[in-house]
Amino acid sequence: MAIVFKQETFRDDFTYRNSPENIRRFPFPFDRDEYMYSVNMEPHVKGREGTVFESLIDVDEHYVAEMQDRALVLKEDPLRYQALPHMMTAQWDTLELLMEEQAAGYPEHFTLIRNGDQWRWINRPLGIDDTFTFGDRSTLPYEPLEYITRQAQGDFCIVDQRDGNLWMDAGMVTTQADWSLDFDIGMNFMEWHGPVPLAHQIGVFDRALKFLLNLQQGKPTRRFNWTMTINPRLDTSPENYHKWGPDRTTVTSENVGEKVHLRVELQSLWRLPRSNAILFVIRCYLMNMEELVTVPKWARRFPRVLKTLPVELIDYKGLTRYRETTIDWLSRFDDGVPTSPGIFPD
């Protein structure tokens with residue numbers, strides 16, 4: 001079935017909203033009534049119909065609007081895309097993967113035709129119909145990674161594996177939760193995760209690095225990450241903190257339902273075939289509290305999760321100013337009934 005794409009904004013007047021159908025497929029990240037950091041990796045395989053797991057690269061009703069917002073970010077700040085010279089093979093790997101997955105998952109919207117190294121790519125939602133030579137940079141309007149990630153939801157980092165570590169050596173990052181590709185480019189796995197509290201002390205990143213160094217081709221893995229955002233703003237980068245940071249002071253008991261958003265990242269990691277690099281896909285989803293409470297299970301669970309957060313995580317995630325206001329607002333939807341296991345609506 002063809003997706004009906006919405007015309008909406010993630011800045012200025014913030015017209016972004018989820019349809020009732022999109023709320024039901026939202027990747028709510030909490031499978032119990034409390035939260036603590038963990039590696040929480042699982043195989044990235046196709047899941048139940050009507051969820052974000054139906055296809056391995058998810059496309060939803062916000063696709064066109066998100067690609068328009070990415071173009072605006074890149075126009076303002078071209079350094080949101082960077083790739084070190086030795087990553088060109090990995091760029092082509094990534095282009096192939098994303099084209100294959102989008103065409104397989106959404107054939108009514110995307111078509112990939114291959115005749116040897118002569119490829120034709122049709123992207124109907126964005127009005128793109130390009131023929132190019134696979135492996136020849138001069139036949140595309142951008143570098144391969146920039147070309148395809150201007151047409152794919154989420155952020156994309158390619159990490160090179162060498163010296164027993166992973167190095168962030170290429171990326172397209174315009175929907176990040178307060179971290180900077182320009183700052184992290186060239187860093188290793190432990191360096192770019194340095195600011196995260198608690199997780200280092202309990203060995204989360206040591207275990208995660210060991211796991212990822214052994215990631216096999218054809219067996220991608222996934223995990224959730226989450227935070228909260230005021231207004232449906234995709235670009236919450238350090239470079240633009242002056243635009244979104246003050247929003248945290250604007251939450252009141254009257255507007256919390258509309259302004260406060262749960263921001264979830266479905267992170268998938270893929271071993272690339274030619275380069276042996278790892279593609280790190282960080283797919284961002286936003287849902288405000290008014291939308292969240294339309295699912296009774298989530299309305300009960302989320303305030304319980306917020307109440308159990310360690311103070312270090314509250315500070316790190318930037319929730320200090322509005323967490324209590326959000327809990328107070330949500331608590332009227334928590335009737336104390338036990339919640340069922342798992343993340344999906346009842």
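Visitor: In which segment is Pro345 found?
Guide: This is a predicted model, in which local features need pLDDT of at least 70 and side-chain atom pairs count only at pLDDT 80 or more, while totals for chains, interfaces and linings use all residues. Residues are numbered from 1 along each chain as its sequence is written, and side-chain values use heavy atoms, with hydrogens and water left out. Helices (DSSP runs of H or I, at least four residues) and strands (runs of E, at least two) are numbered from the N terminus, and Pro345 is found in the segment after H13.

Visitor: Is Pro345 buried or exposed?
Guide: The words rest on relative accessible area, found with a 1.4 Å probe on protein chains only: buried is under 20%, exposed is over 50%, and partly exposed lies in between. Not counting residues up to four places away in sequence, Pro345 touches Arg24, Val295 and Trp298, where contact means heavy atoms within 4.5 Å. Pro345 has 16% relative accessibility, so Pro345 counts as buried.

Visitor: How are H11 and H13 oriented to each other?
Guide: Two packed helices are described by the angle between their axes and the distance between the axes. Axes are lines fitted to C-alpha atoms, for helices over the stretch in contact, with angles from 0 to 180 degrees between N-to-C directions. The axes of helix H11 (residues 296-307) and helix H13 (residues 323-331) come within 9 Å and cross at roughly 150 degrees. Since angles under 35 degrees count as roughly parallel, over 145 as roughly antiparallel, 65 to 115 as roughly perpendicular and the rest as oblique, H11 and H13 are therefore roughly antiparallel.

Visitor: Which strand holds Met172?
Guide: Leaving aside neighbours within four places in sequence, Met172 is in contact with several residues, among them Arg70, Tyr81 and Leu181. With 0% relative accessibility, Met172 counts as buried, and the strand that holds Met172 is S7 (residues 165-172).
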